[in-house]
Amino acid sequence: MTTINPYSSTYAPGLTAGQTATQRANQATGYGQTRDQSPTINTPAVNVTLSAAAQAALKAQTDSRTIDAVVAEARAQISAQLKAAKTSSALKDGNAAIDLSGLDRRTLYAVASNKGGQFPLDQQVVAALGLKSQHDTALATPAAQARLTGDYAGLYQAALDQLDAAGPEEKASAAWSQERDALVEGRKQATARPGLAPAGIAHDSVAAYMAEMGSAVAGAKTRDFGKVANDVRAALDKQYSIAFAPEAAKDSSSGEIDFRRFDDRSLSAIALNKDEQFSTHEMAQAKAEIRSRDSTAIKAGYQSTSEDEGDFGKAMITRYAGMTTEEREASGWTPAVYDKMVELQASRDKLAQMFNADGAVASPPSLLDYL
């Protein structure tokens, strides 16, 4: 069996980085047509398996459902899942009670954006988590390859293919256009500077993914927390041993620690220091990094949803729901904070007043202090 990889031109001539997933799928299908099976040629057929991104693009292209039909199907599927889970809410204590990641992208977007006003907040949040799960899954393999080979152009193309599989409602949004422009610029930078990760691009979902997932510790999001802490300790010690910049940390007691390769849960292992493996200096710097990332995420969330304060509140609740228990503890996002955010979501104006128009905190100094 021959598998067509939409992120590479290796498998069929003429597939270029500039093509959309749909164009690639159509062209790949052409190369996979069965050859003449006559006795004189006797050439075996070639079976073509399209990638998940290409399949999604083809499905989106041929999706003739009305938005009302999409909404009706979404409600039916969610109702079935809620019934199977024996719950009336898609969220329980800030955690997803059902998994919607298996729904198609257009359906997830309809729920997450509350098309037709048919979906309560808990279902919108879980649908947003489903969209994020699909995005992360699509980027996982090309991101791992980029870290090893420096092929960031391939990573950005994978993200573009995934984005281009969106439905018409999502493509009509400003957020989709902003993200696509950012990914095109990222691919341009990566192509011009092979081996270097693009930087300084607003709305860059690839950069956000790479920062969130890190690279210093494998499987940090799901592994036993004690084992994550052990790996973080080893990674830090290795980093100290090769540091050369005058201001860089060369041991655990002083210097500037570079946390760019560490994901949020790995940082939480340092900040919480449950097994007492980390120094006071390391803990302080990890806590400062966590707060900095939190502030950046809050500001980005505000700016991307500034036209609708309700979307900002939903974004913050979704952020909480997407955190691990340790990440919440290290950053101060307690159950009380979650309850307060849900309460404030019902009073959108009050939530919006916490921030200036540029996304900076108005007063007091942080969201968590206010709550």
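**Notes on the predicted model**

1. Glu169 lies in helix α7. The model is a predicted one. Is Glu169 buried or exposed? Glu169 is buried, because its relative accessible area is 18% and the cut-off for buried is under 20%. Leaving out residues up to four places away in sequence, Glu169 touches Ile67, Arg106, Tyr109 and Lys115.

2. Two of those partners return in the next pair of helices. Ile67 belongs to α3 and Arg106 to α4, and both take part in the contact between these helices. Helix α3 covers residues 67–84 and helix α4 covers residues 105–112. They pack at an angle of about 85°, and their axes are 9 Å apart. That angle makes α3 roughly perpendicular to α4, as it falls in the range of 65 to 115 degrees. From α3, the contact also takes in Val70, Ala74 and Ile78. From α4, Thr107, Ala110 and Val111 join Arg106. By class, the contact of α3 with α4 has 6 nonpolar residues, 1 polar and 1 charged.

3. Now the chain as a whole. It has 371 residues, and 42% of them count as buried. Its secondary structure comes to 17 helices and 4 strands. Take the contacts with a separation of 6 or more: 61% of them join residues 24 or more positions apart.

4. Helix α8 spans residues 174–192.

5. Which residues of α8 are buried? They are Trp176, Glu179, Ala182, Leu183, Gly186, Arg187, Gln189 and Ala190. They cover an arc of only 160° around the axis, so they sit on the same side of α8. In an α-helix there are 3.6 residues a turn, so residues three or four places apart point the same way. The other side of α8 has exposed residues: Ala174, Asp181, Lys188, Thr191 and Ala192.

6. What do the buried residues of α8 pack against? The partners are α5 (121–149), α6 (152–164), α7 (168–171) and α9 (205–213). Among them is α7, the helix that holds Glu169.

7. Helix α9 has its own buried set: Ser205, Val206, Tyr209 and Met210. Their arc is only 135° around the axis, which puts them on the same side of α9. The elements covering them include α5, α6 and α8.

8. Further along, helix α10 (residues 225–242) packs with helix α11 (residues 264–272). The angle is about 90°, with the axes 9 Å apart. So α10 is roughly perpendicular to α11. From α10, the contact uses Phe225, Val228, Ala229, Val232 and Leu236. From α11, it uses Arg265, Ser266, Ser268, Ala269, Ile270 and Leu272. The contact of α10 with α11 holds 8 nonpolar, 2 polar and 1 charged residues.

9. Between α10 and α11 runs a loop, and Glu256 lies in it. Its relative accessibility is 54%, so Glu256 counts as exposed. With neighbours within four places in sequence set aside, Glu256 is in contact with Glu247, Ala248, Ala249 and Gln285. Glu256 and Glu282 are 26 residues apart along the chain, and their C-alpha atoms are separated by 9.4 Å.

Note on methods:
Residues are numbered from 1 along each chain as its sequence is written. This is a predicted model: local features need pLDDT of at least 70, side-chain atom pairs count only at pLDDT 80 or more; totals for chains, interfaces and linings use all residues. Side-chain values use heavy atoms; hydrogens and water are left out. Axes are lines fitted to C-alpha atoms, for helices over the stretch in contact, and angles run from 0 to 180 degrees between N-to-C directions. Helices (H or I, at least four residues) and strands (E, at least two) are DSSP runs, numbered from the N terminus. Angles under 35 degrees count as roughly parallel, over 145 as roughly antiparallel, 65 to 115 as roughly perpendicular and the rest as oblique. Contact means heavy atoms within 4.5 Å. Ala, Val, Leu, Ile, Met, Phe, Trp, Tyr, Cys and Pro count as nonpolar, Asp, Glu, Lys and Arg as charged, and the others, Gly among them, as polar. The expected span of a helix is 1.5 Å times one less than its number of residues. Buried means under 20% relative accessible area, exposed over 50%, partly exposed in between (1.4 Å probe, protein chains only). The arc is that of the directions from the helix axis to the C-beta atoms.
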